[in-house]
Amino acid sequence: MTDNEIFLCSICNVASGDCPEDCKYCTQSAHYGTQIQRYKNKSIDKILQEAKALREFGALGFCLVTAGRSLDSQKCEYIAKVAHAIKQADLGLHIIACCGSADLGSLKYLKSQGVDSYNHNLETSKDFFPHICTTHTWLERFETCENTLKAELGLCSGGIFGLGESWSDRIELLKSLQILSPHSSPINFYIPNDALPLPPQTLSQDEALECVTLAREYLPNTRLMIAGGREVIFGDNQKPLYEAGINAIVLGDYLTTDGKAPQEDIALLESYGYIPATHCH
């Protein structure tokens, strides 16, 4: 990728809501009664339609996301079938799975079925994590990332800024990511929701930019992907994000939040002098 190329990645929420975990930032948790769509496994035909449409807009990455704590055997088989179908369609997409905690055997199996990378975010520092989730540990997340690397899948791992963490927590998160050296790291900003127990605060543009600058400093060779919250904080003034080191974006909708129409995001990128990347590497 050249300096003015931006990698486009899209998210496909293939199993939504009713997650038993109590992550305070997550609208998919069954604990908080958020008004979101809830459904089990989306049909493979519908997923293929979404994949084809987003590929036409220039998406290179396509992430299959399921709600829930872990990649159990049933979920693993479903994701394997979806990945196989996408590969058979020969769309040239880099397939990412994001299905919670996972053991080494399951990750190796997904790799054999066409999955290229696994996404599992650390979210925040080890010390701050118990303040935002009590139903599983930060260490469980870190171990899944280690299993991903052992399975020789690409690792996509990042976090959320604006959960009430301190600057030292942010640095500790980035130090942990530095140890893992993910090929891609999603940078999210917390989006307040009245149903969630976190304070309804939004980072300023300056503070959010400082988080991005720090992430680039700690992860100089990682693809930094701006994800949830960029529209809320930056609106159409997103050029500073790219100048601070962002070289990938989520194109289209998020898990339970609408994004811009893909053509609008691409037009915005091009107005800043950037172009969509045409190759993964």
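**Aromatic contacts**

Modeller: R223 lies over the face of F7, 3.8 Å from the ring centre; a charge counts as over a ring if NZ of Lys or CZ of Arg is within 6 Å of the ring centre and within 35 degrees of the ring normal. This is a predicted model, in which local features need pLDDT of at least 70, side-chain atom pairs count only at pLDDT 80 or more, and totals for chains, interfaces and linings use all residues. Residues are numbered from 1 along each chain as its sequence is written, and side-chain values use heavy atoms, with hydrogens and water left out.

Biologist: Which residue lies over the face of W167?

Modeller: The distance from the ring centre of W167 is 4.4 Å. The residue over this face is R170.

Biologist: How are the planes of Y242 and Y272 arranged: stacked, edge-to-face or tilted?

Modeller: Rings of Phe, Tyr and Trp (its six-membered ring) pair if their centres lie within 6.5 Å; planes under 30 degrees apart count as stacked, over 60 as edge-to-face and the rest as tilted. The centres of Y242 and Y272 are 6.2 Å apart. Their planes stand at 45°, so the pair is tilted.

Biologist: How many residues apart in sequence are the parts that Y242 and Y272 tie together?

Modeller: Helices (H or I, at least four residues) and strands (E, at least two) are DSSP runs, numbered from the N terminus. Y242 lies in helix α8 (residues 239-243), and Y272 in the loop between α9 (262-271) and β10 (275-276). The pair therefore ties together parts separated by 30 residues.

Biologist: Which residues form a cluster through ring pairs?

Modeller: The rings of Y242 and Y274 have centres 5.2 Å apart. Ring pairs link into a cluster Y242, Y272 and Y274.
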